[in-house]
Each structure stands twice: as C-alpha cells, then as structure tokens.
Amino acid sequence: MPGSDPSREEALRRLDETAAALEARTTRESPDHGAQAASYGYRIMALLLGGVFVGIGFGAALDFIVGTAPWGMIVGVLGGFVISIWMAVRSARIYSAVAAREWGPPRDLPDDATDRDD
C-alpha cells in the first residue's frame, strides 16, 4: 500500500502539531522566584543601610545646629539603627506574606542521603 504512506505521514505530522499546540497552551512558564527573592533581600538591605545613614545625617545636623559635638551623631546613629531594624522586620513580614501567597507554601529540600553519588 504505497498510497497510504503519505496520508499516514500527514496524519502523524498533524497529530504532532496538535500535541505541540496543546502542550504550549497548557504548559505554564514558571516565574523566576530567585530573582524576586534577591530583590526582596536587596530592598531590606537598603532599608537597613538607609536608616543608619539618615540617622547620621540628622545627628550631624543636630550637632551643627545645637553644638553638642559627638552626642547628636551618636543618638542619630542609634535612632537610625533602631528605626531601620523596625522597618526591615515590617517589610520582611510583608514580603513573606506576598511570597507565600504568590509562590505557595515552602517546600522542603530533599534529604541529603538521596542526593549523594557514592
């Protein structure tokens, strides 16, 4: 049956195209969670450093205006540190809630014994 081979090949080709189209429609592209998590980390680090530097700036300005040489700077650094820690913890809670909502519950890592190549 030489005449049936081209139609069979055509049917297989159409079936492959249909399967590829179905797979393309149903397969979701997974988002890059690592980049998003790194972005959250950089934001928290910026909060921590920014709070300290703003505290130094306010302390230096207070020292210049009032004339209390090192004490304004010391109080500014400590106050900026406390405020930046508070803001970082608050932001971490928010980012954690967003990540849990978008990414689902955290998954456990596989057991180390199963990953070893002995």
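# Ring pairs, packed helices and a salt-bridge network

Tyr 40, Tyr 95 and Trp 103 are joined into a cluster by ring pairs. Rings of Phe, Tyr and Trp (the six-membered ring of Trp) count as a pair if their centres lie within 6.5 Å; the pair is stacked if the planes are under 30 degrees apart, edge-to-face if over 60, and tilted otherwise. This is a predicted model, in which local features need pLDDT of at least 70 and side-chain atom pairs count only at pLDDT 80 or more, while totals for chains, interfaces and linings use all residues. Residues are numbered from 1 along each chain as its sequence is written, and side-chain values use heavy atoms, with hydrogens and water left out.

The structure holds two aromatic pairs. In one, the rings of Tyr 40 and Tyr 95 are stacked, because their centres are 4.5 Å apart and their planes lie at 5°. Tyr 40 belongs to helix 2 and Tyr 95 to helix 3, so this pair ties together parts that are 55 residues apart in sequence. Helices are DSSP runs of H or I with at least four residues, as strands are runs of E with at least two, and they are numbered from the N terminus. Tyr 40 also pairs with Trp 103: the ring centres are 6.5 Å apart and the planes are at 25°, so this pair is stacked as well. Here too distant parts of the chain are linked, with Tyr 40 in helix 2 and Trp 103 in helix 3, 63 residues apart.

The relative accessible area of Tyr 40 is 11%. Trp 103, at 26%, is partly exposed.

Helix 2 (33-66) has 34 residues and spans 49 Å from first to last C-alpha, close to the expected 50 Å. The expected span is 1.5 Å times one less than the number of residues. The buried residues of helix 2 are Tyr 40, Gly 51, Gly 55, Gly 59 and Asp 63, and helix 3 is included in what covers them. After helix 2 comes Gly 67, with a positive phi near 90°.

Helix 3 (residues 69-103) consists of 35 residues and reaches 50 Å between its first and last C-alpha, close to the 51 Å expected. Its buried residues include Gly 72, Gly 76, Gly 80, Ser 84 and Ala 88, and also Ser 91, Tyr 95, Val 98 and Ala 99. Helix 2 is part of what covers the buried residues of helix 3. Helix 3 is followed by Gly 104, whose phi is positive, near 85°.

Val 77 lies in helix 3 and is partly exposed, at 28% relative accessibility. Leaving aside neighbours within four places in sequence, Val 77 is in contact (heavy atoms within 4.5 Å) with Gly 55 and Ile 56. The C-alpha atoms of Val 77 and Phe 53 are 7.5 Å apart, although the two residues are 24 apart in sequence. Further along helix 3, Ser 91 is buried, with a relative accessible area of 11%. The C-alpha atom of Ser 91 is 8.7 Å from that of Arg 43, a residue 48 places away along the chain.

One contact between a charge and a ring is also present. The charged end of Arg 90 sits over the ring of Trp 86, 5.4 Å from the ring centre. The criterion is that NZ of Lys or CZ of Arg is within 6 Å of the ring centre and within 35 degrees of the ring normal.

The remaining features concern helix 1 (residues 4-26). How many salt bridges does the whole structure contain? A search finds two, a salt bridge being a side-chain nitrogen of Lys or Arg within 4 Å of a carboxyl oxygen of Asp or Glu. Arg 13 forms one with Glu 10, with the closest N and O atoms 2.2 Å apart, and another with Glu 17, at 2.4 Å. Arg 13 and Glu 10 are three residues apart in helix 1, so about one helical turn separates them. Arg 13 and Glu 17, also both in helix 1, are four residues apart, about one turn. Arg 13 is partly exposed at 39% relative accessibility, as are Glu 10 at 32% and Glu 17 at 45%.

Note on methods. Buried < 20%, exposed > 50% of the residue type's maximum accessible area, 1.4 Å probe, protein only.
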